Amino acid sequence: MKKTNRIGSLFDPSIMAPAVIDSFKKLDPRHQIKNPVMFVVLIGTCLTSGLWIQALFGKGDAPAGLILAITLWLWFTLFFANFAEAMAEGRGKAQASSLRKTRKDTPAKKLIKPSHGVSYTTVSATSLRKDDIVLIETGDMIPIDGEVVEGIASVDESAITGESAPVIRESGGDRSAVTGGTRVLSDWLVVRITANPGETFLDHMISMVEGAKRQKTPNEIALSILLSVFTIIFLLVTVTLLPFSMFSVSAAGHGEVISVTVLVALLVCLIPTTIGGLLPAIGIAGMDRMIQANVISTSGRAVEAAGDVDVLLLDKTGTITLGNRQAVAFIPAYGVSLEALADAAQLSSLADETPEGRSIVILAKQKYGIRERQIQDIEAKFVPFTAQTKMSGVDLGDGRKIRKGAVEAIENYVKMLGGAFPEDLKSTVETIAKGGGTPLAVCDNNRVLGVVQLKDIVKGGIKERFAELRRMGIKTIMITGDNPLTAASIAAEAGMDDFLAQATPEAKLKLIREMQSGGRLVAMTGDGTNDAPALAQADVAVAMHTGTQAAKEAGNMVDLDSNPTKLIEVVQIGKQLLMTRGSLTTFSIANDVSKYFAIIPAAFVGTYPALGALNIMHLATPQSAILSAVIFNALIIIVLIPLSLFGVPYRPMPANRLLRDNLLIYGLGGIIAPFIGIKLIDMILVVFHLV
Amino acid sequence: MNWNNGIQLLIYLIVLVVVVKPLGTFMAYIYEGRPAGVNVWFGSFEKWIYRICGVKDDVGMTWKEYAFALMLFNVLGLIVVYVIQRFQGFLPFNPMGMTAVSPDSSFNTAVSFATNTNWQGYGGESTMSYFTQMLALTVQNFVSAATGMAVLVALIRGFVQKQTKTLGNFWVDLVRTTIYILIPLALVLSLALVWQGVPQTLSSSATATLLQPVKDSAGKPVIEQAIALGPAASQIAIKQLGTNGGGFFNANSAHPYENPTPFTNFLEMLSILLLPAALCYTFGFMVGDRRQGWALLAVMFLILVPCLVWSVCIEQQGNPLFAPLGIDQQAGAFQAGGNMEGKEARLGIVNSSTWSIVTAAASNGSVNAMHDSLMPLGGMLPLWLIQLGEVIFGGVGSGLYGLIAFVIVAVFIAGLMIGRTPEYLGKKIEAFEMKMASLVALIPHVFILIPTALAVMIPAGKAGIANPGPHGFSEILYAFSSAAGNNGSAFAGLSANTPFYNIALALGMFFCRFWLIIPVLAMAGSLASKKIVPVTIGTLPTHTPLFVFFLTMVVLVVGALTFFPALALGPIVEQLMLNGVSI
């Protein structure tokens, strides 16, 4: 499968270069104020910049060189945080511009009434409005989103989905939605427009990937509150440290009061700048990963909610089982040999291109060694399936008329020819139906030869996927129109936790509501119009891109690959998003321990020489200690940009183990790493005589 | 630390753990209205109180109504305490003829007792009449403790109930706590204290003739000594149980009439942690998962026990400055050894150190040794325990609801780290809960750091300092920490009975009590309106050793990061300087 939506490596220069420029633009206070942590850094940096200028005129509260060094690194801190955000946005923009290329102003053939064959006027696509009718013929671009009202055509949707194989779009049923920017490859369609220009799926997708409409998600807001509180606490700590220092100096009788520059440096080191600076990038990158998984989400909220899903509702057909039933057994009538039945069934299906027909030919070959024959070679005439006869078959040159079809249709057919449906087969038919299969009868003229058992085939590998969901703590429920017996057998075969049989739209809706009132978060995938109410009710609703417009509108995500098990990836991306935030918050706070050990002795050793004992890293001088902490604080943002863009890896495992692992890496690691980092920077500063 | 110390500590901790389950279960029965002895025998008395007061005991309150009733009751109580002090000269039970207390001291004391702090800027036996001690102070000892427990119960209901607006009835919780839990326990304890020799009388002070006359500062010979008496046992029992800590006498539990024997010392230390520890079990019982209660208690022990051990070790080690002088500080048959400055010789190192730690942990604030005279790090431990937000045991009720605010912060971070919207006990933790929990964690820090900064800058603040240098800084820091933590213990040394300190400390006590209670109740209201999310394997378990460890780290890290610079300039540098001399 070819994916066109993928974005290149992290260090793609076409993204890096504009990101650098954007990082400068983002220094605008109106932008910074959206992020309280970084806004505090900005104010502090402006303050030290002023102090440096003052120091140049000879009245500095610290040596001008030190103030300049600290100030520069504070500007870098701001710049690096902006750069992270700009990088994340840049990756989104790169995708958006590739999408935008598909949004050309195409001429559209506007019809006066919804039928094929009436005259049309050629208008610009931008002049089309909702409910207009257009004709799209071979080679035409579909001008704007719509619903097929007449016709059937193959459509190349690779511009949207990245999938190069053409798809069929036809009126009625679940494959009636067409998307603007895609191209009709053969035949024609009459389409009713469902979106005004600027409101189409493509437009929506572009604005999503650009992050233009990005709003803070509930979790992000709660985290911002926590980060603000930490910022306030450390603001308090540093502001009150000035009077404490003044008192200490007067009490000790010697030493110097801590300078404002050092206080600002301490403040910036303590407040959670790592997570504060990377927070916007993490959110944008989460959406980005979603798009790379070919899922378009209408809100960040839905992405986040995906991480919390407890229950997953899946439609049976096309999701758990292959879309079509397959022949699994031939059951001959009394007195008929198995080979005769298989032979007749195969003959009747040779020219039958339906999946059921193909599966009969394959079964005959695999189980009974009846090799495929060419219909021309045996001078046979194919009788196709029609809605009236509900049968198909062949008329052979020797006068045999072989038919296969629904049991009822064959029974009527043989009766008409003076035959009768054998009694012994009737019980077989019943048994098959009860077991969840579909019986197809086969007859040769007026003689019924037997039945072919068709059965739902559970998709390969699906059981493992559900097992993975179970390890994540997600319960899977199958939804099917089948009777409970059939449903139970398929659910068991696929390894689902539960099933809802004989499901009507009302029953689905009721099930979701019950789950939700029990406090569960429900995810659902669906494609049909009859799924729409349930999709609208579900917390995370993934509509298949191949589905109807109604389904897509009701859902809060659209899967461009139309792969129902995609929800597993959606859940993982949602979890990754939260985990990245949590882990970096822990890391950021854990870092503070070492910064105290760097800065506090440095700031007060002049007043109380005994405090030199706290300089456990043995940093060279008070100046180098403070500068090393500030430099580490800035550089760690750059170091962690890849992690914030790609996310903390998620593997399904019990919550307790996941927490243990992440605490070890980001908690303990967060305490230890800066001790090493600050010491190294200090050594480098000393080696190059920078302090 | 020697064997003797270790065994004493161990016995104390074991007895404490043993009583947690029965007492915790009993309290849960009381709050859930299940029959538990006293509430059957005195049930009609309880109903009679509601009838007299016009309380509709079967009507639930929303969090706002609950908070309003609570504030009304506490502010009225505060005013009554103030008025009684100001008019005690005209009121009965005043055999010593005490006159009105000064306005700023009365205000300070009124706030102090209403907020369960019991900071005492005055000396009890030389300031307060028996009427004031009994009807103003002892009454507040009961109801301020009951207020804290009521808030905790309201918060528990927030977790237990789903999709409701009410949190129970404040008046019912207040009355039940007082008459079924506090009065019976206090009655038993005060009888035990009286048996051991604590006075309980309304007669005026006794006079004794000195065997060996001394001279006073003016050079006149003194031949008689007045021995202060009063209704002490009844107040001491509740001051320990209700984590109040306000002594009847100025010397508090170092006074032989407050704490006459090793047995009373043990009983009083036990009563300090009794209710805060047992309430953890009550919490677990009421939320239907006792492991949750044990987990929170485990967090408390994880912080308490190392502090206890460390404190005893530091004090037993003695003062390094004495070593060059050839002073014997070794424990032996004839002396406890160690740093005995400011300690009662009859109580010794281990009982003084243990008391200093548990009284700080539990927001009790009673003292049996002078914290000012502890070794610098020995004094830092109680100071830091207070600064942790009084959540390691903490005040009755208030300690646990404070710790739950930290739990909210911890599950939020932990929840993010495992990729789920955080939840605790099935309740989703969202922006509103985070805001309220943040306020609970933040407000005490504000009221410790800012007033301390103010006090070290202005003359009125610096005037109170007894010792120069880092120690003087510690004295001020301790005073404001004690007020903000609603602890009430003093570092001593600081002359705090001045208008500046009386008012600044009172404001700290008031806001750190009620600006925490209101967010906690708001959080309870929000939690009660939520659904309960069923547990799956994706749910973060909050009773595991891992979570206990994580929560402990959150409490420690927040406390350490906030106060490390201040502590570095106070006790830490003092200890370093002390050690530096000895080398």
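**Close-up views of a predicted model**

**Figure 1. Five aromatic residues of chain A join into a cluster.** Ring pairs link A:F24, A:W73, A:F76, A:F79 and A:F80 in this cluster. Please keep in mind that the model shown here is predicted. Counted over all chains, the aromatic pairs come to 32.

Figure 2. Let us zoom in on one pair. Helix α4 of chain A, residues 64-100, holds both A:W73 and A:F76. How accessible is A:F76? With a relative accessibility of 35%, A:F76 counts as partly exposed.

**Figure 3. In chain B, an edge-to-face pair bridges two helices.** Here the partners are B:F447 and B:W515, with ring centres 6.3 Å apart. Their planes stand at 70 degrees, so this pair is edge-to-face. Which helices do the two residues belong to? B:F447 sits in helix α15 (residues 431-457) of chain B, while B:W515 belongs to helix α18 (residues 499-528) of chain B. The pair therefore ties together parts that lie 68 residues apart in sequence.

**Figure 4. B:F447 is buried, whereas B:W515 is partly exposed.**

Figure 5. Stepping back, chain A contains 22 helices and 20 strands. Its radius of gyration is 34 Å, well over the 26 Å given by the globule rule for 691 residues, so chain A is more spread out than a compact globule. Along the principal axes, the C-alpha atoms of chain A fill a box of roughly 120 × 60 × 45 Å. Of the 691 residues in chain A, 56% count as buried. Taking contacts in chain A between residues at least 6 apart in sequence, 69% join residues at least 24 apart. Chain A exposes about 27,300 Å², with 60% of that area supplied by carbon and sulfur atoms. Finally, the 65 positive and 65 negative charges of chain A have mean positions 3 Å apart.

Technical notes
Residues are numbered from 1 along each chain as its sequence is written. Chains are lettered from A and ligands numbered from 1 in the order in which they are written. This is a predicted model: local features need pLDDT of at least 70, side-chain atom pairs count only at pLDDT 80 or more; totals for chains, interfaces and linings use all residues. Side-chain values use heavy atoms; hydrogens and water are left out. Helices (H or I, at least four residues) and strands (E, at least two) are DSSP runs, numbered from the N terminus. The radius of gyration is taken over C-alpha atoms; the globule rule is 2.2 Å times the number of residues to the power 0.38. Buried means under 20% relative accessible area, exposed over 50%, partly exposed in between (1.4 Å probe, protein chains only). Contact means heavy atoms within 4.5 Å. Accessible areas come from the Shrake-Rupley method with a 1.4 Å probe; for residues, only the protein chains shown count as cover. Lys and Arg count as positive and Asp and Glu as negative; His and the chain ends are not counted. The place of a charge is taken as NZ of Lys, CZ of Arg, CG of Asp or CD of Glu. Rings of Phe, Tyr and Trp (its six-membered ring) pair if their centres lie within 6.5 Å; planes under 30 degrees apart count as stacked, over 60 as edge-to-face and the rest as tilted.
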